[in-house]
Amino acid sequence: MSSHNSSQSPVPSSSGEPARKPRVAVVFGGRSAEHGISVVTAGAVLRAIDRTKYDVLPIGITTDGRWALTADEPERMAITGRTVPTVEQIADSAEGTVVLPVDPGSREVVYSEPGSVPKALGEVDVVFPVLHGPYGEDGTLQGLLELSGVPYVGAGVLASAVGQDKEYMKRVFISFGLPVGPYEVIRPREWTNDPAAARKKIVDFAGEHGWPLFVKPARGGSSMGITKIDDLSGLDAAIEEARRHDPKILVESLLRGREIECGVLEFEDGPRASVPAEIPPVTAHDYYDFEAKYIDSTPGLVPAPLTPEETAEVQRLAVEAFDAASCEGLVRADFFLTEGGGFVINEINTMPGFTPISMYPQMWEKSGVSYPELIDRLVQAALNRPTGLR
């Protein structure tokens, strides 16, 4: 895989001032349960982005939704021990607010504090949203940026929404002929109005596909809110745990096999797949949960020990999934290589974990694209892509 050396011409200022470097707003944090992981990701991006090519403006969204100006100090944005960082810890002010323009004719960002005159922070040329989960990765932020006319890294509104909602993601994949594992959905009204019928629906599903089952939020991520249950006795607690994150519940049967991941990155001639990676069995955990991913940092195998035919097949399926959901920029596609020898797609992540030790950058590192080059390519692609219908 060839590496990428792009060149971006300076951006002319709308105020008639001399040309300047493109300005990248790295937006992170957010209101979802994945807030802390987003902060960690942002720290890695801030550390690696080429400051000779880009001016950088870090903007954190607090857990209650306030847009805050934050310190540009990546070293304060790392996991310490078993504690993940928060935007509140690095915000410049407890009350100050950053406001993006909703006028497509202006990209001027404004900062205001109670009792003070609002202060212009200059124009933003592109947003790098490294938010995970609802209120950031699900099309909501992308819609705001479309209204504002500000280019941004990654998937658009539709692909972000599809990538966040595992039910509709699977429906899209099925419609495109991609192999998907058995699943069932419990909608909010079903559990609220008739829990007995919802339980029966899951029992019937288990009767057809067997135990154990995985009960998870339909629109969650980072393995939060997931419970593995071996029989009916754990069902109610598992549903309530998932509903703490999302009122819509997804139930999946166990797919026996190997966990394989593959990165997709958009090049000038279209999306290409990285070398795949394998998540080995996690002996200290019941499955590849939040602690295994982020606290104990279970290492993956990159590249995955697959045959050339298996590698080609999972790369083909990853690109097909990228296209099926109308993705842009980047995707990590997660698969199971079943005991029968076929691949089943589990999900896609339109803004995957993006620290240097995350699987997506590791897969591209082994494919010839370094972490700083990866960031550069994504920013350049966003700068060259219009907002609106495309």
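**Reading salt bridges and a helix crossing**

Modeller: In this predicted model, E278 and R258 form a salt bridge in which the closest N and O atoms are 2.8 Å apart. Because E278 belongs to strand β14 (residues 277-279) and R258 to strand β12 (residues 257-267), the pair ties together parts that are 20 residues apart in sequence.

Biologist: Is E278 buried or exposed, and what is the state of R258?

Modeller: Buried means under 20% relative accessible area, so E278, at 8%, is buried, whereas R258, at 28%, is partly exposed.

Biologist: Which residues does the salt bridge of E328 tie together, and where do they lie?

Modeller: E328 pairs with R390, the closest N and O atoms again being given as 2.8 Å apart. E328 sits in the loop between α10 (308-324) and β15 (330-338) and R390 in the segment after α12 (371-383), so parts 62 residues apart in sequence are tied together. Salt bridges with shared partners also join D165, E167, R171, R187 and K248 into one network.

Biologist: How far apart in helix α5 are E167 and R171?

Modeller: They are 4 residues apart, which means a separation of about one helical turn, and their side chains meet in a salt bridge at 3.0 Å, N to O.

Biologist: At what angle do the axes of α4 and α5 cross?

Modeller: The axes of helix α4 (residues 157-164) and helix α5 (residues 166-175) come within 5 Å and cross at roughly 105 degrees, which makes α4 roughly perpendicular to α5. V162, G163 and Q164 of α4 make the contact with K166, Y168, M169 and V172 of α5.

How values were computed: Residues numbered from 1 in each chain as written. Predicted model: local features only at pLDDT ≥ 70, side-chain atom pairs only at ≥ 80, totals over all residues. Heavy atoms only, no water. Axes fitted to C-alpha atoms, helices over the stretch in contact; angles between N-to-C directions. Helix = DSSP H or I, 4+ residues; strand = E, 2+ residues; numbered from the N terminus. Parallel < 35°, antiparallel > 145°, perpendicular 65-115°, else oblique. Contact = heavy atoms within 4.5 Å. Salt bridge = Lys/Arg side-chain N within 4 Å of Asp/Glu carboxyl O. Buried < 20%, exposed > 50% of the residue type's maximum accessible area, 1.4 Å probe, protein only.
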